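Please keep the sequence and the model in view while reading.

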Amino acid sequence: EIAKSISAGNSLNVQVGNVALGQSTDQIVKLGNVQYKVNNNRPFNINGGNQGARVFYDSTLAGKCQSIRTQLKDLSLKLSQRTQNNDVTIPSSQPGPLNFNVLKADSDGFAFFKITDGNSLFHNNKVQQIEIKNNQNVASVIVINVGGKKISFDSGNIVGSLTQLDTRSRVLFNFYEAEEIIMQRNFMGALLA
C-alpha cells in the first residue's frame with residue numbers, strides 16, 4: 001500500500017499481493033495480465049503467485065496509513081521508555097566487535113538495550129562487527145533502542161547469529177528519535193523509525 005504519489009524509477013516487482021495507491025491523481029494503466037504503469041513513469045510487475053492481483057486506487061488508504069503511523073510512533077515511544085536490562089560496550093580506543101550480550105529478559109521475555117547516540121554504533125570506525133551473543137533461550141524478543149536524529153550506518157557489519165532468520169526476526173532496532181537514517185551496509189533485524 002502506497003499512500004503518497006509514485007515517483008519515476010525502475011520497475012517494481014511485486015511477488016505476492018496487490019498494490020493499493022492512495023492518491024486519486026495517480027494514473028493507473030494496465031499494460032498486460034501482470035504489468036501496470038503508474039503516472040506513465042513507474043512500471044509494476046505483478047509476478048508469480050499473484051492470480052488475480054492488481055494495482056488499484058483506494059480512497060481510504062491515507063486515513064489507514066495515518067492511523068498505523070500514529071500507532072507505530074506510540075509503540076516506538078513506549079519501547080524507548082522501557083528500562084534497559086542488558087548492557088553493551090561500544091569499542092572506543094581499539095577496533096573490535098560490538099556484542100549485544102543477552103543475559104537477562106523481563107517477565108514478558110524481552111531483552112532491552114539502549115544506545116543513546118546511534119552514530120556511536122553505526123558511524124563508528126572502531127566498530128568492526130555488530131552481533132547478538134549469548135541468547136540461548138534467554139529472550140524471545142530483543143529490543144535495541146537507538147537514539148539520535150540523523151544516523152548513518154557506514155561502519156562495521158552485522159554478523160553472526162543476527163544474520164540468521166530465526167535471530168533477526170526477533171530483533172527490533174527502535175530508532176525512536178530518528179528523522180533521517182542513511183543505510184550504506186546490509187541491515188539485519190526489524191527497523192522501527
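**The sheet that contains β1**

In this predicted model, β1 and strand β5 (residues 42–46) are paired in the parallel sense over three bridges. Helices (H or I, at least four residues) and strands (E, at least two) are DSSP runs numbered from the N terminus, and two strands pair if DSSP finds at least two bridges between them.

- Within this pairing, valine 14 has isoleucine 46 of β5 as its bridge partner.
- The order β1-β5-β4-β3 describes an open sheet of four strands with mixed pairing.
- β1 (12–14) and β3 (28–30) each have a single partner strand and stand at the edges, so one side of each is left without a neighbour in the sheet.
- From one strand to the next, the twist averages 25°; axes are lines fitted to C-alpha atoms, for helices over the stretch in contact, and angles run from 0 to 180 degrees between N-to-C directions.
- Strands of a sheet pair through backbone hydrogen bonds, either parallel or antiparallel.

**Basis of the model**

- Residues are numbered from 1 along each chain as its sequence is written, and side-chain values use heavy atoms, with hydrogens and water left out.
- As the model is predicted, local features need pLDDT of at least 70 and side-chain atom pairs count only at pLDDT 80 or more, while totals for chains, interfaces and linings use all residues.

**Overall chain**

- Three helices and 15 strands make up the secondary-structure elements of the chain.
- The C-alpha trace spans about 55 × 35 × 30 Å along its principal axes.
- Of the 193 residues in the chain, 35% are buried; buried means under 20% relative accessible area, exposed over 50% and partly exposed in between, with a 1.4 Å probe and protein chains only.
- Among contacts (heavy atoms within 4.5 Å) with a separation of 6 or more, 70% join residues 24 or more positions apart.

**Tyrosine 36**

- Tyrosine 36 belongs to strand β4 (residues 35–38) and is buried, with a relative accessible area of 6%.
- Not counting residues up to four places away in sequence, tyrosine 36 touches a set of residues that includes Ile28, Val29, Arg42, Phe44, Ile46 and Val55.
- The C-alpha atoms of tyrosine 36 and isoleucine 115 are separated by 44 Å, and the two residues are 79 residues apart along the chain.

**The parallel sheet**

- Another open sheet of four strands has the order β8-β10-β13-β15, with parallel pairing.
- Its edge strands, β8 and β15, each pair on one side only.
- On average, neighbouring strands of this sheet are turned by 20° against each other, direction ignored.
- Four bridges join β10 and β13 in the parallel sense, and isoleucine 142 has valine 171 as its bridge partner in β13.

- Helix α1 (residues 61–80) has 20 residues and should span 28 Å at 1.5 Å a residue, and its end C-alpha atoms are 28 Å apart, which agrees; the expected span is 1.5 Å times one less than the number of residues.
- Leu61, Ser76, Leu79 and Ser80 are the buried residues of α1.
- Seen down the axis of α1, these residues fall within an arc of 95°, so they line one face of the helix; the arc is that of the directions from the helix axis to the C-beta atoms.
- Exposed Gln71 and Lys78 are carried on the face of α1 turned away from its buried side.
- The buried residues of α1 pack against β2 (19–21), β8 (110–115), β10 (141–146), β13 (171–174) and β15 (190–192).
- Asparagine 174, in strand β13, is buried with a relative accessible area of 0%.
- Leaving aside neighbours within four places in sequence, the contacts of asparagine 174 include Ser76, Leu79 and Ser80, as well as Ile144 and Leu192.

**Nonpolar cores**

- A nonpolar core is a set of buried Ala, Val, Leu, Ile, Met, Phe, Trp, Tyr and Cys residues joined through side-chain atoms within 4.5 Å.
- The largest nonpolar core has 24 residues, of which Phe100, Phe122, Ile130, Ile132, Ile142, Ile144 and Phe173 touch the most other members.
- Elements giving two or more residues to this core include β7 (96–101), α2 (119–122), β9 (127–133) and β11 (150–153).
- A second, separate core of nine residues includes Val14, Tyr36, Val38 and Val55.

**Asparagine 134**

- Asparagine 134 lies in the loop between β9 and β10 and counts as partly exposed, at 38% relative accessibility.
- The phi of asparagine 134 is near 65°, a positive value in a residue other than glycine.
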